[in-house]
Amino acid sequence: MITVDDVRPIALALPRAYEAVVADRIRFKVGRLVFVAFSRDETTMGFGFPKEERAALVASEPDKFLMPRTSEMRYNWVAVRLDAIELDELREFIIDAWRMCVPKSVAATVP
């Protein structure tokens with residue numbers, strides 16, 4: 001199962017990214033924008049993802065992906081079960097979520 005310790009080096013290697021703890025939850029942010037957040041029990045992880053594409057993502061693999069909580073539906077956000085995803089796939093989602101939070105010139109610095 002993927003853990004915070006697996007995600008931390010990926011997220012913190014990205015320009016302008018930093019770690020914060022808010023309401024007992026680990027979050028990775030750029031400025032005030034959150035691009036990755038763990039559940040309190042660290043079994044699921046939310047990440048930035050285009051609203052218009054998330055229903056298709058969840059429908060494609062409902063055992064892996066979850067719709068965000070009702071209070072988060074207005075955001076570009078989706079969640080994943082950490083015991084159902086591989087690190088390489090997760091790395092792509094983390095980087096794409098980060099790209100949604102930074103200027104295009106900064107995003108272009110990460111392949």
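User: Where does R16 lie?

Analyst: In this predicted model, R16 lies in the loop that runs between helix 1 (4-12) and strand 1 (17-22).

User: And is R16 buried or exposed there?

Analyst: R16 counts as exposed, because its relative accessible area is 52% and the cut-off for that class is over 50%.

User: What about phi of R16?

Analyst: Phi of R16 is near 75°, which is a positive value in a residue other than glycine. Most residues other than glycine have a negative phi.

User: Which other residue has a positive phi although it is not a glycine?

Analyst: A23 is one of them, with a positive phi of about 55°. A23 is placed in the loop between strand 1 and strand 2 (25-30), and A23 is partly exposed, with a relative accessible area of 48%.

User: Let me step back to the whole protein, then: how many helices and strands does it have?

Analyst: The secondary structure comes to four helices and six strands, and along the sequence these follow the pattern α-β-β-β-β-α-β-β-α-α. The radius of gyration is 13 Å, close to the 13 Å that the globule rule gives for 111 residues, so the protein is as compact as a globular protein of that length.

User: What box do the C-alpha atoms fill?

Analyst: Taken along the principal axes, the C-alpha atoms of the protein fill a box of roughly 35 × 30 × 30 Å.

User: How much counts as buried, and what does the surface look like?

Analyst: Of the 111 residues, 42% count as buried. The protein exposes about 6,300 Å², and carbon and sulfur atoms supply 53% of that area.

User: Changing topic to pockets: what volume does the largest pocket have?

Analyst: The largest pocket has a volume of about 600 Å³. Its lining is made of 25 residues, and R27, V34, A37, E72 and W77 are those that lie nearest the centre of the pocket.

User: Which strands supply at least two residues of that lining?

Analyst: Strand 2, strand 3 (33-38), strand 4 (44-48) and strand 6 each supply at least two residues of the lining of the largest pocket.

User: And what is the lining like by class?

Analyst: By class, the lining of the largest pocket has 14 nonpolar residues, together with five polar and six charged residues.

User: Is E72 buried or exposed?

Analyst: E72 counts as buried, because its relative accessibility is 18%, and the cut-off for buried is under 20%.

User: What does R27 touch?

Analyst: R27, whose place is in strand 2, touches Y18, E19, A20, V22, V34, V36 and A37 when residues up to four places away in sequence are not counted. Of these partners, V34 and A37 are named with R27 among the residues nearest the centre of the largest pocket.

User: How many residues apart are R27 and K51, and what is the distance in space?

Analyst: R27 and K51 are 24 residues apart in sequence, and from C-alpha to C-alpha they are 20 Å apart in space.

User: Last topic, the end of the chain: where is T109 found, and what separates T109 from P15?

Analyst: T109 is found in the segment after helix 4 (104-107), and T109 counts as exposed at 52% relative accessibility. The C-alpha atoms of T109 and P15 are separated by 8.5 Å, although these residues are 94 residues apart along the chain.

Key
Residues are numbered from 1 along each chain as its sequence is written. This is a predicted model: local features need pLDDT of at least 70, side-chain atom pairs count only at pLDDT 80 or more; totals for chains, interfaces and linings use all residues. Side-chain values use heavy atoms; hydrogens and water are left out. Buried means under 20% relative accessible area, exposed over 50%, partly exposed in between (1.4 Å probe, protein chains only). On a 1 Å grid over the protein atoms alone, a cavity is a set of points where a 1.4 Å probe fits but cannot get out, and a pocket is an open set with protein on both sides within 12 Å along at least five of seven lines; lining residues have an atom within 4 Å of a point. Grid points are joined across faces, edges and corners, and a volume is the space filled by probe spheres set on the points. Ala, Val, Leu, Ile, Met, Phe, Trp, Tyr, Cys and Pro count as nonpolar, Asp, Glu, Lys and Arg as charged, and the others, Gly among them, as polar. The radius of gyration is taken over C-alpha atoms; the globule rule is 2.2 Å times the number of residues to the power 0.38. Accessible areas come from the Shrake-Rupley method with a 1.4 Å probe; for residues, only the protein chains shown count as cover. Contact means heavy atoms within 4.5 Å.
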